[in-house]
Protein chains: 2
Amino acid sequence: MALILTFLGKGGTGRTTVAIAAAKQLASKGARVLLAGQDPGPTLGLLLGASPSPDPQELEQNLQVVQFQSAVLLERSWEEVKKLEAQYLRTPLLKNVYGQELGVLPGMDSALALNAIREYEASGKYDVIIYDGSGDQTTLRMLGMPEILSWYIRRFRKVVEDSDLWRTVSPFIQPISSAVLNVSWSGDNFAQQPTNEVNNLLERGRAAVADPNRVAAYLVTTSAPTAVSTAQYFWGSAQQVGLTVGGVLLNQESVTEAISENFTPLAVSSLPSSPPGDWQPLIDALPDLRQVSGLPKPIEIDIPGRQVRLFLPGFDKKQVKLTQYGPEVTIEAGDQRRNISLPPQLSGQPVKGAKFQNSYLAISF
Amino acid sequence: MALILTFLGKGGTGRTTVAIAAAKQLASKGARVLLAGQDPGPTLGLLLGASPSPDPQELEQNLQVVQFQSAVLLERSWEEVKKLEAQYLRTPLLKNVYGQELGVLPGMDSALALNAIREYEASGKYDVIIYDGSGDQTTLRMLGMPEILSWYIRRFRKVVEDSDLWRTVSPFIQPISSAVLNVSWSGDNFAQQPTNEVNNLLERGRAAVADPNRVAAYLVTTSAPTAVSTAQYFWGSAQQVGLTVGGVLLNQESVTEAISENFTPLAVSSLPSSPPGDWQPLIDALPDLRQVSGLPKPIEIDIPGRQVRLFLPGFDKKQVKLTQYGPEVTIEAGDQRRNISLPPQLSGQPVKGAKFQNSYLAISF
């Protein structure tokens, strides 16, 4: 089981530099580290003095580096899709489409990277995977994907099953599936088997993101007001995807009380400025990023108190919207929506009140 | 018809600052300008000293500002989808799903923003739309979406039509569509009518991105080597989506010959550093960004010479991959794949050779 670490913050605050230093520090302590770069531009390679490729390469002892390339990952995933198709379809049709011709659409980068991280994690080859992503909303969308996608599947499945459409279409499912597929599933199995497999995968992903021993983020900032505000914003936004933020890394500046106050209760560590290629001062200044504990949980459900408490630092009440249109309670903040499945004791109950206190939104039922 | 301008470059080089100054400059010259921010963080608001909202607000004469919020845009789009469904389906099923509960998945930000830009463009209210996006691969994926999505539709439609699956399924299309839809389309129309509408929309989008009088980008960089290399990389990558880059804005530095050489034949303009809130020095230093002309076209097809020439600055031959697996020629560069539809005279011909010269890849047939 590998710990996945990533860095959030405004562009230009040194996230990639910090990611490299963190990878080198953990490798020097004996952890088997994979440094995975998302941005296809030249920055990671220039800072490393190497040319990272789409397959992991050894950089130094215990430290490998990989550069995700969506075009390459898509080509490889396509081969997997074709294998699955050949397994289930009597006359596969995708065999005539080549992975080498598939273009990359918005969102594919995130889906492919998340899948690649999952596979590297499952390989058992690494103790720590450091993901140098875009470090902004895009990274949060990627980590929020398992939860949101499983919500879509669950919600729309119910809508379809409750609909007239399903009653109209279902008599045709059996003859079509028998004609098209190798196996003769009943209508129900046809819909359920692949869906359940996907659901299990998404549920495991959601659970991993919510566990600070599996996935954690650190904020990187300078003392510039826009950088500090952006870091605070991502801190709050991270909670919306259930991601724990372990601390703040203040790049090339000394820690002041004013800066620390913005991030209570997180520890703020000061990182020195050092000439390109001289990693030791940075490595020495970094805390051990594997120690993420004692921090507020993104969500706490108190059944006897009939209360759900959400940790949403960096937001005020005006920036948070609470709705109860569908079967669940929806929290909107940081341009993200989170649907909270309530435990049976609170499910279906109307919200009695919500107040914002000490960075917590407390919802009473 | 509005001109859409955007800025590409490494994070922290001042893209948002430049976008604001450009908006103010063009508005002061009498153009009706919309400044559209993508990043949901606080930067744009802090720099503007305002709180941009999801609906355009007047900032000063001729200048409006809007902050895209994907959660809000998704909610509004969903209402449109439900209207369409009610129009075509006998028993609409999506009416029970509320826009207020829909979460944002990777890629939706780009698709929703592109749609919002298209609607603001079509409104006739603006002469210039300045899009302050993430300024990196994500912006390029967004602008490449019309071309790539229309390729997917075209390619997979052909695959399906040629397949046994279609022959198996098509007898069921008629009874299902009659039972489910209000109108009794024939199987062919059922597949064709909505597809053609989407194709027209995508084709108009593709044509707009390829026309420098409709959409253009500028590179923003400092003199830092990683910033310059990143700007070069995006310059080449922009060609892969057919986007014209109009020039280079060198932030807070004087132009040197060494920097200019990296971007020949683009003009490099130096922008001064100025205290927060003092926009005039920046406004005065910016060139007129509406004048994009005389620049290399991303693609030139020379039928008599049996040659296709692609302008790919910032790449060398090793970074560009040419394949001919499918019916078209595929160019892979900058983690993007572009499928080139050849004119009838060259279509289906094998590639005889390819050479890289003066930033051009010349492919001979």
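1. The interface between the chains. In this predicted model, 73 residues of chain B are in contact with 72 residues of chain A. The size of an interface is often given as the accessible area lost when the parts come together. For chain B and chain A, the area buried between them is about 6,300 Å². Carbon and sulfur atoms account for 67% of that area.

2. Salt bridges across the interface. Between chain B and chain A, 8 salt bridges are counted. A salt bridge also joins A:Glu75 to B:Arg337, where the closest N and O atoms are 2.8 Å apart.

3. Helices α3 and α4 of chain A. Two packed helices are described by the angle between their axes and the distance between the axes. In chain A, helix α3 spans residues 70–88, and its axis comes within 10 Å of the axis of α4(A), the two crossing at roughly 65 degrees. Angles of 65 to 115 degrees count as roughly perpendicular, and α3(A) and α4(A) are therefore roughly perpendicular to each other. The crossing in which α3(A) passes α4(A) is left-handed. From α3(A), the residues A:Ser70, A:Leu73, A:Leu74 and A:Ser77 meet A:Met108, A:Asp109, A:Leu112, A:Ala113, A:Asn115 and A:Ala116 of α4(A). Sorted by class, the residues of this contact between α3(A) and α4(A) are 6 nonpolar, 3 polar and 1 charged.

4. Helices α4 and α5 of chain A. Helix α4 (residues 108–122) of chain A also packs with helix α5 (residues 137–161) of chain A, at an angle of about 65 degrees and with the axes 10 Å apart. The crossing of α4(A) and α5(A) is right-handed. On the α4(A) side, the contact is formed by A:Ser110, A:Ala111, A:Ala113, A:Leu114 and A:Ile117; on the α5(A) side, it is formed by A:Thr138, A:Met142, A:Leu143, A:Met145 and A:Pro146. The contact of α4(A) with α5(A) holds 8 nonpolar and 2 polar residues, with no charged residues.

5. Helices α3 and α4 of chain B. In chain B, helix α3 (residues 70–88) and helix α4 (residues 108–122) pack at an angle of about 65 degrees, and their axes are 10 Å apart. That angle makes α3(B) roughly perpendicular to α4(B). Here α3(B) passes α4(B) in a left-handed crossing. The residues of α3(B) in the contact are B:Ser70, B:Leu73, B:Leu74 and B:Ser77, while α4(B) contributes B:Met108, B:Asp109, B:Leu112, B:Ala113, B:Asn115 and B:Ala116. The contact of α3(B) with α4(B) comprises 6 nonpolar, 3 polar and 1 charged residues.

Notes. Residues are numbered from 1 along each chain as its sequence is written. Chains are lettered from A and ligands numbered from 1 in the order in which they are written. This is a predicted model: local features need pLDDT of at least 70, side-chain atom pairs count only at pLDDT 80 or more; totals for chains, interfaces and linings use all residues. Side-chain values use heavy atoms; hydrogens and water are left out. Axes are lines fitted to C-alpha atoms, for helices over the stretch in contact, and angles run from 0 to 180 degrees between N-to-C directions. Helices (H or I, at least four residues) and strands (E, at least two) are DSSP runs, numbered from the N terminus. Angles under 35 degrees count as roughly parallel, over 145 as roughly antiparallel, 65 to 115 as roughly perpendicular and the rest as oblique. A crossing is left-handed if the near helix is turned anticlockwise from the far one by less than a right angle, and right-handed if clockwise. Contact means heavy atoms within 4.5 Å. Ala, Val, Leu, Ile, Met, Phe, Trp, Tyr, Cys and Pro count as nonpolar, Asp, Glu, Lys and Arg as charged, and the others, Gly among them, as polar. Buried area is the accessible area (1.4 Å probe) that two parts lose on being put together, summed over both. A salt bridge is a side-chain nitrogen of Lys or Arg within 4 Å of a carboxyl oxygen of Asp or Glu.
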